[in-house]
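Colleague: Could you walk me through this model, one piece at a time?

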Amino acid sequence: MSNVLVVRNLKVTDLRNQEEVIHGVSFELKKKSCLGIVGESGSGKSMTVKAILGLTNPWLHTAGTAELVSGQEIFDLLQQEESTLRAIRGQRICMILQDAMSAFDPLAKIGSQLAETFSEIKGISRPEAMAMALTALKKVNMPEPEQVLKKYPHQLSGGMLQRCMVATALAMKPDIIVADEPTTALDSINQRLVVEEFRRLRQQIGAAVIFISHDLGVVRYLADQLLVMRCGERVEYGEAKSIFQNPQHEYTKYLIDSRRELAQSFQKAMKRRAVSA
């Protein structure tokens, strides 16, 4: 399977103190696949992807290559002007943020915000954009989508806002979807719903997904390849199934063992609760 993104020797340096915060990270993203990026807080997961997309602070310098392959064209994202990057982020790469509430204007209705996005990027009329927004919400099985379009962000749950973001990505039909901790702020029911939306998203539009998370359970369910990061470095990389079954690095073993212990503790607690009930 061919690649849609090839990242080589990505480095990020803080110009204020010349400290290197991302240390020569390399990986590939295959078409229609899911790459999971895992690691503890501060490991450099989000920084790596933001550097590729040109979303870092101005005092951070990015070096290396990040080649986006689109048809016969290849773009090194790190060499593009901001206007070009903005267009790429709008059409070829969509990002779904951890805090869905922060992605929406609290003073505008959901329908207006989705329609404005579609109208600007697709170059269509507002009525067409509103119809597109409704169709997008229906595709992610949003309850009462017509009413959702009329509501303000604070009137929707975190799970519903996440589904609005997923719906937007679905409608844009990008080559790559970047999801940065999209389930962290959700309860278990909404987590499951959003994860299923990502599976459906890949099936419907064939987009490749970069899924950033510290939740190894979710990543194991979704990812084809796995990139494990610690302190700005790549410590393990390869097929997700192989790494989960036979991790080579001590840090990866620690993450997987920690996840297993948490799951076992939860299962024991539920059994005790069932016995006492």
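**A first look at the model**

Modeller: Let us start with Asp14, which is found in strand β1 (residues 3-14); helices (H or I, at least four residues) and strands (E, at least two) are DSSP runs, numbered from the N terminus. This is a predicted model, in which local features need pLDDT of at least 70 and side-chain atom pairs count only at pLDDT 80 or more, while totals for chains, interfaces and linings use all residues. Residues are numbered from 1 along each chain as its sequence is written, and side-chain values use heavy atoms, with hydrogens and water left out.

Colleague: Does Asp14 count as buried or exposed?

Modeller: Asp14 counts as buried, because its relative accessibility is 8%, where buried means under 20% relative accessible area, exposed over 50% and partly exposed in between (1.4 Å probe, protein chains only).

Colleague: And which residues is Asp14 in contact with?

Modeller: Leaving aside neighbours within four places in sequence, Asp14 is in contact with Glu19, Trp59 and Leu60, contact being heavy atoms within 4.5 Å.

Colleague: Switching topic, what about Leu222?

Modeller: Leu222 sits in helix α8 (residues 216-222), and with 6% relative accessibility it counts as buried. Setting aside its neighbours within four places in sequence, Leu222 is in contact with Cys34, Val195, Phe198, Arg199, Arg202 and Phe211.

Colleague: Which residues are buried in helix α2?

Modeller: In α2 (residues 82-91), Leu85, Ile88, Arg89 and Gly90 are buried, and the buried residues of this helix pack against β4 (60-70), β6 (93-96), α3 (110-122) and α6.

Colleague: You mentioned α6, so how do α4 and α6 cross?

Modeller: The axes of α4 (residues 126-139) and α6 (residues 158-172) come within 8 Å and cross at roughly 115°; axes are lines fitted to C-alpha atoms, for helices over the stretch in contact, and angles run from 0 to 180 degrees between N-to-C directions. The two helices, α4 and α6, are therefore roughly perpendicular to each other, a label for angles of 65 to 115 degrees, whereas those under 35 count as roughly parallel, those over 145 as roughly antiparallel and the rest as oblique.

Colleague: Which residues meet there?

Modeller: On the α4 side they are Met132, Ala136, Leu137 and Lys139, which meet Cys164, Ala167, Leu170 and Ala171 in α6.

Colleague: Last one: how many helices and strands are there in the protein?

Modeller: The protein has 10 helices and 10 strands, and of its 277 residues, 45% count as buried. Along its principal axes, the C-alpha trace spans about 60 × 55 × 40 Å.
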